[in-house]
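Visitor: I have a structure open and would like to learn how to read it. Where do we start?

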Amino acid sequence: MEDTNLNEMKDLVLNYVTKEYIDDDDVRITYDTPLISSGYVDSFSMVSLLVFLENKFKIKIPPSKATPEAFDSVNSIVALVNQYLSK
Amino acid sequence: MSYADKTRDLYRSQLAEIHNAGIFKEERFIHSSQSADIEVEFPSGSDLKKVINMCSNNYLGLSSHPEVIKAAHEGLEKRGYGMSSVRFICGTQDIHRELENRVTEFLGTEDTILFPSCMDANAGVFEAVLTSEDIMISDRLVHASIIDGMRLCSAQHDTFKHSSMEHLEEKLQLHADKRLKLVITDGVFSMDGDTAKLDEMVKLCEKYEAMLLVDDSHATGFIGKTGRGTHEYCNVFGKIDIITTTFGKALGGASGGCVSGRKEIVDMCRQKARPYLFSNTIAPVIVSGVLKVFDILSSSTERRDKLEKNAAWWRAGLTDAGFILKEGNTPIVPVMLFNAKLSQDFSRDLYNEGIYAIGFFFPVVPNGQARIRTQISAGHELHHLEKALDAFIKVGKKYGILGLTRDQIVEKYGM
């Protein structure tokens, strides 16, 4: 995938995560910010993110792959999405 | 030897990490019964110190009430000390069912089942009534016992931003295809002392055909004009599908809890809830004490009225003194300090002034939200509150935080 598209995807996910999960206006997350391990995103809330990704990118991510580790940063989320986009 | 040196070393290093992180929890030994005035041994081995307790869940001051103690004594004499059984084998006495009926009447529900604690009620209820076809949608600040209960349940789970009805509605729309939907909230949130918007939640649940579960542990007995709980306060009495609550706080403070709500849900818990099926029945002495508590609450609202008055006085006093409080109108009054170390230093200095109040910080509360959580009781008299307020002001002046904004405190002490 071209860099432009990749960055657009990352921004899309970053914006969703910020809007959905970050309540504190002082917190700014980046592509690398640990989301679940740092406590910004509760693992219970991942289902919304999963549904968002599946609807937005027209993919199906198996529950076994939607792990806290795979969802722990914007970068890792986009890497996961790309695995299923290419299939 | 199975407990090898490397095992011991592993645990020791983990405990050292907890110590080094400054979050090691230490018990303080109280040498008196629970009340506004207590005698505390802290640190361990030190002389006893008389302090005013500003951090107990003894909201109605019933933990050491003479009538409750007398009823417990009578229960002990008439029904014995223990039952040595779970409920469904040979652990149900007439008084267990009597208490379930009293709770049902008090909360305005259809039926009730007792659990050894509300922690157990929350651990058992979800798994008993939901399956993988269903969805649980919880407020992001619900109590840890609800989170543990949801983890034990195969239903999917999602969350909504704390008290955001717009976000909850989005989630109800998102999960419209699920077989059963259960919205989950605390009635009063234990760390912030704010109240769930149950009136709006009931409307949303009716609109989207979802059930509503409320953990009212920090409300039963004193929130609402007759103390029935958050559902009474929000004018949705009789409209909550599932209420979980405890006898371990306002209702005598010993132990025990329950699930109260729709009959079929209670019946399902009686068949399937594992903490009910595999844990001992509540001891007769406690059941007898809680029954007396309901007698007291049903005869007068005097205690909850006094609690409301005390809490309003305390909140106004702290506000006038220049402290930053979490907004709310419950007996839980968090004094915001934001910085973790400041919260610990503040608590220690309060203790030296004869005031027992604990500082909370991450991970118990969100990072940068450290606080002293004060909890008011009907057992407090005005002189208790005046002394506590004087101490808060003295310590507040010491740290130079009175009248400062959040940003100014953070600038001074850091997050």
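This is a predicted model: local features need pLDDT of at least 70, side-chain atom pairs count only at pLDDT 80 or more; totals for chains, interfaces and linings use all residues.

Visitor: Which residue of strand 9 of chain B is the bridge partner of Asp215(B)?

Guide: Thr244(B) is that partner.

Visitor: What holds such strands together, in general?

Guide: Strands of a sheet pair through backbone hydrogen bonds, and the pairing is either parallel or antiparallel. Now widen the view. Chain B has an open sheet of seven strands, in the order 4-10-9-8-7-5-6, and its pairing is mixed.

Visitor: Which strands are the edge strands?

Guide: Strand 4 (111–115) and strand 6 (156–160) of chain B, since each pairs on one side only. From one strand to the next, the twist averages 20°.

Visitor: Which strands does helix 4 of chain B touch on this sheet?

Guide: Helix 4 (residues 94–107) of chain B touches strand 4, strand 9 and strand 10 (257–261) of chain B. The direction of helix 4 makes about 125° with that of strand 4 of chain B. Helix 6 (residues 144–151) of chain B packs on the sheet too. Helix 6 touches strand 5 (135–139), strand 6, strand 7 (181–186) and strand 8 of chain B. Its direction makes about 165° with that of strand 5 of chain B.

Visitor: What is the order of the open sheet of three strands in chain B?

Guide: The order is 11-14-13, with antiparallel pairing. Its edge strands are strand 11 (332–338) and strand 13 (358–360) of chain B. Ignoring direction, neighbouring strands of this sheet are turned by 30° against each other on average.

Visitor: How many bridges join strand 13 of chain B to strand 14 of chain B?

Guide: Three, and strand 13 runs antiparallel to strand 14 (residues 370–375) of chain B. One bridge pairs Gly359(B) with Ile372(B) in strand 14 of chain B. A helix packs on this sheet as well: helix 14 (residues 340–352) of chain B touches strand 11, strand 13 and strand 14 of chain B. The direction of helix 14 makes about 40° with that of strand 14 of chain B.

Visitor: Now helices. How are two packed helices described?

Guide: By the angle between their axes and the distance between the axes.

Visitor: Which residues of helix 4 of chain B meet helix 12 of chain B?

Guide: Ile95(B), His96(B), Glu98(B), Leu99(B), Arg102(B) and Phe106(B). On the side of helix 12 of chain B, the residues include Pro284(B), Leu291(B) and Phe294(B). By class, this contact of helix 4 with helix 12 of chain B has eight nonpolar, two polar and two charged residues.

Visitor: What should I look for in the backbone?

Guide: Most residues other than glycine have a negative phi, and most peptide bonds are trans. Look for exceptions. Glu209(B) is not a glycine, yet its phi is positive, about 55°. Glu209(B) sits in the loop between helix 8 (198–208) and strand 8 of chain B. A cis peptide bond joins Phe42(B) and Pro43(B), with omega about -5°. Pro43(B) lies in the loop between strand 2 (37–41) and strand 3 (48–53) of chain B.

Visitor: How many helices and strands are in chain B?

Guide: 16 helices and 14 strands. The radius of gyration of chain B is 22 Å, close to the 22 Å of the globule rule for 415 residues, so chain B is as compact as a globular protein of that length.

Visitor: How many residues of chain A are in contact with chain B?

Guide: Seven residues of chain A, in contact with eight residues of chain B. The chain A side of that contact divides into three nonpolar, two polar and two charged residues.

Terms used:
Residues are numbered from 1 along each chain as its sequence is written. Chains are lettered from A and ligands numbered from 1 in the order in which they are written. Two residues are in contact if their C-beta atoms, placed from the backbone, lie within 7 Å. Ala, Val, Leu, Ile, Met, Phe, Trp, Tyr, Cys and Pro count as nonpolar, Asp, Glu, Lys and Arg as charged, and the others, Gly among them, as polar. Two strands pair if DSSP finds at least two bridges between them. Helices (H or I, at least four residues) and strands (E, at least two) are DSSP runs, numbered from the N terminus. Axes are lines fitted to C-alpha atoms, for helices over the stretch in contact, and angles run from 0 to 180 degrees between N-to-C directions. The radius of gyration is taken over C-alpha atoms; the globule rule is 2.2 Å times the number of residues to the power 0.38.
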